[in-house]
Amino acid sequence: MDASARAMVEAIHANPTQAVLYLSGGASQALGWLMSVPGASNTVLEAVVPYSRMSMIQLLGKVPSKFASRQTAEDMALMAYNRALKLSQPGFPALGVGFSGSLASTRAKLGDHRMPYSIFQGLRNREEEDKVSSQFLLKAIAYACKVPATFVSELTDSEAPDEFETKFDEDQELEQLINDMSKAERKIILSGSFNPLHDGHLKLLEVAASILGEGYPCFELSAVNADKPPLTTSQIKQRVRQFEKVSEVSRADEAINGLSLSSAGKTVIISNQPYFYKKAELFPGSAFVIGVDTAARLINPKYYGGDYGKMLEILSGCKNTGCVFLVGGRNVDGDFKVLDDFDIPGELRDMFVPIPPEKFRMDISSTEIRRSQGML
């Protein structure tokens, strides 16, 4: 960092503005510059780098249409702003900063290297691209803080991005706080008939919740099944009672052994929607935990009247609600299958997230249990 950039950072820190930064795919040096100059705690409330695909999905609560795009950067900035409103001191200006980029990499890239609103044309190496994107971001922060940006950026005129800024007045800040507080926590939903409930269900939901990191784990019992008669009231009560028994066992183990079994005692949702595209409308932004056999049916045009286009349209609708599918491996026709064994359409690939078999594999099914108990 040269003297002029350092002077600008010092001026930013002397300003009362307090910021939350969400950066992905570049501009990492800007964070280093901000943190390396004394007074950083005056400015930086929090900095998050959602670098992996799942981390970004988790941050936004949806699958973005493009991970490196202006819209994604704007969504990140708004999330950062809402976070800054909660963390900033009363009376201090709050600033949310979002950056999403696609810079030079060791693997092949589909398309140009880009940061929001600009194209690099691949003329620089990774470190150089990160430097110029950091310069751009630092100048944008200085502008938001009303600090003069005196140093000269290495971006050429043709690369200069269109800056985007949204300002909120006091009433709009309050509205943002209210809207952010009203958003329900994302649900992690394991749907099934639970006939009967078994350890595989409990472990699968527990592993899925650990992968996502945040969210409210719950089971969903559908009273209506696409291939079977609807459940009666007594059947619904009986199946829900299984979860109550598991909770009692969990509490007893905790009292005796000091254990906390996070997989037990979760909320059970009862719905009348057998189809996942309808479940996605009921629970937008949720993560549905499914087996690979269910994933295979979801992408099979056979279940859409043989119409491949209809399948894409319906599942794209699910994707637009912000829903994702976490897919666990299962025995299919005697062989253990995982998500990679199936050809997921490219438009939908980001919506399906594999659960590694080393984290979850239990060769057990409700059908096998019923057969062993003479119920089939």
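Guide: Let's begin with strand S3. In this predicted model, six of the seven residues of S3 are buried, so the strand is largely enclosed by the rest of the structure.

Visitor: What makes a residue count as buried?

Guide: The cut-off is a relative accessible area under 20%. By that rule, 44% of the 376 residues of the protein count as buried.

Visitor: Where does S3 sit in its sheet, and why is it called an edge strand?

Guide: The sheet is open and has three strands, in the order S2-S1-S3, with parallel pairing. Strand S2 (44-48) and strand S3 (94-100) each have a single partner strand, so one side of each is left without a neighbour in the sheet, and that puts them at the edges. On average, neighbouring strands here are turned by 10° against each other, direction ignored.

Visitor: How do you know that S1 and S3 are paired?

Guide: Pairing asks for at least two bridges. Strand S1 (residues 18-24) is joined to S3 by seven bridges, and the two run parallel. Along them, Gln 18 stands opposite Ala 94 in S3, and Leu 21 stands opposite Val 97 in S3.

Visitor: What packs on this sheet?

Guide: Helix H5 (residues 70-87) does, touching S1, S2 and S3. The direction of H5 makes about 150° with that of S3. In the whole protein, the secondary structure comes to 13 helices and 13 strands.

Visitor: How many disulfides are there, and what about Cys 318?

Guide: The count comes to zero disulfides. Cys 318 is in none, and its nearest cysteine sulfur, that of Cys 323, is 6.7 Å away.

Visitor: Why is Asp 227 called exposed?

Guide: Exposed means over 50% relative accessible area. Asp 227 has 73%, so it is exposed. You will find Asp 227 in the loop between strand S7 (216-222) and helix H9 (233-257). Its C-alpha atom is separated by 9.1 Å from that of Pro 274, 47 residues apart along the chain.

Visitor: What makes Lys 279 a charge over a ring?

Guide: Among other things, NZ of Lys must be within 6 Å of the ring centre. Lys 279 lies over the face of Phe 276, at 5.6 Å from the ring centre. Arg 361 lies over the face of Phe 336, at 3.9 Å from the ring centre.

Visitor: Which aromatic cluster does Phe 276 belong to?

Guide: Phe 276 forms one aromatic cluster with Phe 288, Phe 325 and Phe 352. The structure holds eight aromatic pairs.

Definitions and conventions:
Residues are numbered from 1 along each chain as its sequence is written. This is a predicted model: local features need pLDDT of at least 70, side-chain atom pairs count only at pLDDT 80 or more; totals for chains, interfaces and linings use all residues. Side-chain values use heavy atoms; hydrogens and water are left out. Rings of Phe, Tyr and Trp (its six-membered ring) pair if their centres lie within 6.5 Å; planes under 30 degrees apart count as stacked, over 60 as edge-to-face and the rest as tilted. A charge sits over a ring if NZ of Lys or CZ of Arg is within 6 Å of the ring centre and within 35 degrees of the ring normal. A disulfide is a pair of cysteine sulfur atoms within 2.5 Å. Helices (H or I, at least four residues) and strands (E, at least two) are DSSP runs, numbered from the N terminus. Axes are lines fitted to C-alpha atoms, for helices over the stretch in contact, and angles run from 0 to 180 degrees between N-to-C directions. Contact means heavy atoms within 4.5 Å. Buried means under 20% relative accessible area, exposed over 50%, partly exposed in between (1.4 Å probe, protein chains only).
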